[in-house]
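I have put my notes as numbered points, so please read them alongside the coordinates.

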Amino acid sequence: MAEYEFELNGAATQVTAEPGTPMLWVLRDTLGLTGTKYGCGRALCGACTIHLEGQAVRACALPVEFAQGKRLRTIEGLEDERVGKAVVDAWIAGDVVQCGWCQPGQCMSAAALLAEVPQPDDAAIDAGMAGNLCRCGAYPRIRRAIHRAADALAQEGK
Amino acid sequence: MSGVENLSRRGFLKGSLLAGGGLILGVSWGARRAQAQDAEPEAPAVFQPNAFLRIAPSGEITLLAKHDEMGQGIWTGLAIVVAEGLRVDPATIRVLPAPADPAFANNAFGVQATGGSTSTWSSYEQMRMAGATARVALVTAAATQWGVDAADCEATDGKVRHAASDRVLGYGELAQAAGDVQIAERVELRERAQFERIGKPTPRQDSAVKVRGQALFSLDQRVEGMLTALVARPPTFGGKLARFDAAEAKAIPGVKAVVEVPSGVAVIGDGYWSAFRGRAALELEWTPGEGGDAPLDSDALRAHFEGLSQRPGNVARDDGDVVAALSAAERTLEAVYEVPYQAHAPMEPLSCLVELRADGGAKLTTGTQFLGIDHPAVVGRLGVTPEQVEFQNSYLGGGFGRRANPASDFVLEALEVALAAKDLGAPIKTVWTREDDLQGGWYRPLFVNRIVAGIQDGAISAWHQRIVGQSIARGTAFEGAMIKDGVDGTSVEGAADMPHGIPNLKVELHSPVLRVPVQWWRSVGHSNTAFAKESMLDELAEALGQDPYALRMQLLEEHPRLQRVLRVAAEAAGWDTEPAEGMGRGISVHESFKGFAAHVVEATLEDGVPRIRRVVVAIDCGLVINPDQVEAQLQGAAIFALSATLGQGITLKDGRVEQSNFHDYPLVRIHEAPAVEVHIVESEEPMGGIGEVGVPGVASAVCSALRAAGAPRIRRLPIGTQLQG
């Protein structure tokens, strides 16, 4: 076991974990933050997407030591930032969810996309969101929500 | 059988239509206190007019949902229907999962279960009445308190008003008094034209908690001191454990115990990761088990099934004389259509948390569609009374049928793990990895269909279909009800009842018995039969030189609901217009689960890769409760079906499942997902299903669109690389 320190959703956080433990399980089992979901364990589905230094990464494929000293954000803290708030608002307003299991990860990816491409077209959305699976097939509403979040952010910025 | 008839039979409701008035229903809810078991002590001032509703003095309204929320929006739908009778905003109703209790039985099945696209239509009258009877009691309580005539009081937005004296009391303020009111025997319900809540687009009650990651799914449930178990199961179906060595597994930090269970070997750790590493460190030896000497192989199974399709099977339908008609036909078409095993692959893998109790009972926290089956199964295994087993259900991270397991597989296995590791004295959550999920069986069966059709005088004169595939009912508690004269109705649904007026029609079934566990998968038998039927109709249209839309309209002359959705979809898609260069269109129409859906698909082919550009779907499901969620279900169903059409399939080689995760069991991703336009047909017809109704018609429409774009006819799913090079 080893000690690790990182900034999680704005708060300094220390954990004790076996080296190599994926951040997904540190978040869910050690810290009790279950908003980050397990879907495949192999970075294939995106359900566990979190932000590492503002970049979308798959927590199931991120060993805890790679988080050492870094700034992390999970769905539980997404609304604390402007873009994340707009994404969550658009997701709720657009009733994107069906079963909902993949949706926190979808929102994390969408926020990372909008931080980089403030006004994505459908092709940019498809490129930015292709790593996030939705078994319920909510993709049409995911696209619509991202456009809405982008529009809301553009309005706000005026 | 309609929901009302079922309800009536079950003694819940006695209904009658009074001339000139609304629908009047008599109710006999019994006690005003909920019959459901409840872990929480009953607060005396909480008004509990029936098993479903509670109104607290604070005014908070709680609905115990008799159907499980797995994405289909049913909790919102139930709240809307209750809200109509209760005269409140559905958003003010808090919805919680019901406990395991016969009071929450599905009216279509007689047991507590969510599936078969029954939730909305089967509970509609019951939920209307649950809300309306509660409202009447609240109004009565207010009128009594004020000493006025109840007829002069009006209930709106959670308040009762007496306009003449300008007095108002909230439902919460009336909760205690309403508890003393005899619940009305007969309550007048609104006519459809008067609805204020039903039929309006209504936001989901679970959007915010799910988006924010606050909603508790089974895998998210945690209790103090909980441990996590993963089970190593046999690599082949029916395999048995020969021996195992746990020494290395036990050396993994965090591993607490390794125990043998009936399904394999469980490694119990302080969290997922230790259990996962521990399981990987197990040394395991398996034997193939009974009948396992000849390893299963999908290609061999397909050849075997194809052979069976050339021999007579059990007869599911026999109209006219199909043999004579085929021999007299001017022309015959013969084709074999095949679909593979399919996994449900809900995004949330399976899990079940078990807390054993000192009295021999247990609390199980899971996500199940099948409380009415799982609860007695656990009671039976423990040998305790029903009251000693408590179930806490959760939001279901997708179900698609997998969480309605006839053998209660993931629930009973978790119980076995807890029993085997009882000495640890800890609650244990057994969890499945994605690999466990995809390789763990309980698939939609592999099916082979052979259809021989005859053409005479420019019309289809004969249709002879043989279906070969495992029965999902055989060996389950449902065998007696589902299998008649050797025919599992779910294997032939959508084929044996095809309504196309073909005079000579025969449908036969072979149900080979194999070690692969099979189960209902979103749209069940229709996922196979609609593909075969609609594909053959398009092949016949081509042979007849007829337009596929026109041919269907003509064959379905006596089926206005099918004709109507077909017309709506065709018009919305611009069926009579010329598609863009390289684009093909395909069309289908199919009835399933009392719902009627038509699809038009537009597709192109790029270097052998199908690109689905647009899906237009029309549905008639009768009265609609929440059009926004009907749209969502039809969009989702189309994309779910596309995954199974384009790339997904479970195959066996040397007895093992070849797929293991989403890299080789590909779900459609966002860049592959077309726009899906949903048209809901305004309908006065009986209510029907929604969630599964949008699946069956997609596959053939895709294949027909590709055919129209110049590709060969696809007769075996998934399309995969069949059109490449």
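1. Conventions first. This is a predicted model, in which local features need pLDDT of at least 70 and side-chain atom pairs count only at pLDDT 80 or more, while totals for chains, interfaces and linings use all residues. Residues are numbered from 1 along each chain as its sequence is written, with chains lettered from A and ligands numbered from 1 in the order in which they are written. Helices (H or I, at least four residues) and strands (E, at least two) are DSSP runs, numbered from the N terminus.

2. Where the chains meet, 44 residues of chain A are in contact with 49 residues of chain B. Contact here asks that the C-beta atoms of two residues, placed from the backbone, lie within 7 Å. On the chain A side, α1 (23–30), α2 (75–78), α3 (82–93), α4 (103–116), α5 (122–129) and α6 (139–157) each supply at least two residues. The most comes from α6(A), with four residues. By class, that side of chain A has 26 nonpolar, 10 polar and eight charged residues. The classes are nonpolar for Ala, Val, Leu, Ile, Met, Phe, Trp, Tyr, Cys and Pro, charged for Asp, Glu, Lys and Arg, and polar for the others, Gly among them.

3. Leaving aside neighbours within four places in sequence, G137(A) is in contact with Q635(B), G636(B), A638(B), I639(B), F640(B) and A673(B). G137(A) counts as buried because it has 28 C-beta neighbours inside 10 Å. The cut-offs are 20 or more other C-beta atoms within 10 Å for buried, 12 or fewer for exposed, and partly exposed in between, with C-beta atoms placed from the backbone.

4. Within chain A, α3(A) and α6(A) pack at an angle of about 130 degrees, with their axes 8 Å apart. That angle makes α3(A) oblique to α6(A). Axes are lines fitted to C-alpha atoms, for helices over the stretch in contact, and angles run from 0 to 180 degrees between N-to-C directions. Under 35 degrees counts as roughly parallel, over 145 as roughly antiparallel, 65 to 115 as roughly perpendicular and the rest as oblique. From α3(A) the contact takes V83(A), A86(A), V87(A), D89(A), A90(A), W91(A) and A93(A), and from α6(A) it takes A145(A), R148(A), A149(A), A152(A) and L153(A). These divide into 10 nonpolar, no polar and two charged residues.

5. A638(B), A641(B), L642(B), A644(B) and T645(B) of α18(B) meet V698(B), A699(B) and V702(B) of α19(B). The residues of this contact are seven nonpolar, one polar and no charged. Note that A638(B) is also among the residues in contact with G137(A).

6. How much of α11 (residues 409–420) of chain B is covered? Of its 12 residues, 10 are buried, so please check E413(B) and E416(B), which are among them. The expected span is 1.5 Å times one less than the number of residues.

7. Helix α17 (residues 560–573) of chain B has 14 residues and reaches 20 Å between its end C-alpha atoms, close to the 20 Å expected. Its buried residues are R561(B), L562(B), R564(B), V565(B), L566(B), A569(B), A570(B) and A573(B). They pack against α16 (548–555), β26 (584–592), β27 (595–606), β28 (609–620) and β31 (675–680) of chain B. After α17(B) comes G574(B), with a positive phi near 70 degrees.

8. E591(B) lies in strand β26 of chain B. With 26 other C-beta atoms within 10 Å, E591(B) is buried. Not counting residues up to four places away in sequence, E591(B) touches L562(B) and F596(B).

9. Finally, some backbone geometry. Most residues other than glycine have a negative phi, and most peptide bonds are trans. A43(A) has a positive phi, near 55 degrees, and is found in the loop between α1 and β3 (49–52) of chain A. A43(A) counts as partly exposed, with 18 C-beta neighbours inside 10 Å. D485(B) has a positive phi near 50 degrees and is exposed, with 8 other C-beta atoms within 10 Å. The peptide bond from L717(B) to P718(B) is cis, with omega near -5 degrees, and P718(B) is in the segment after α19 of chain B.
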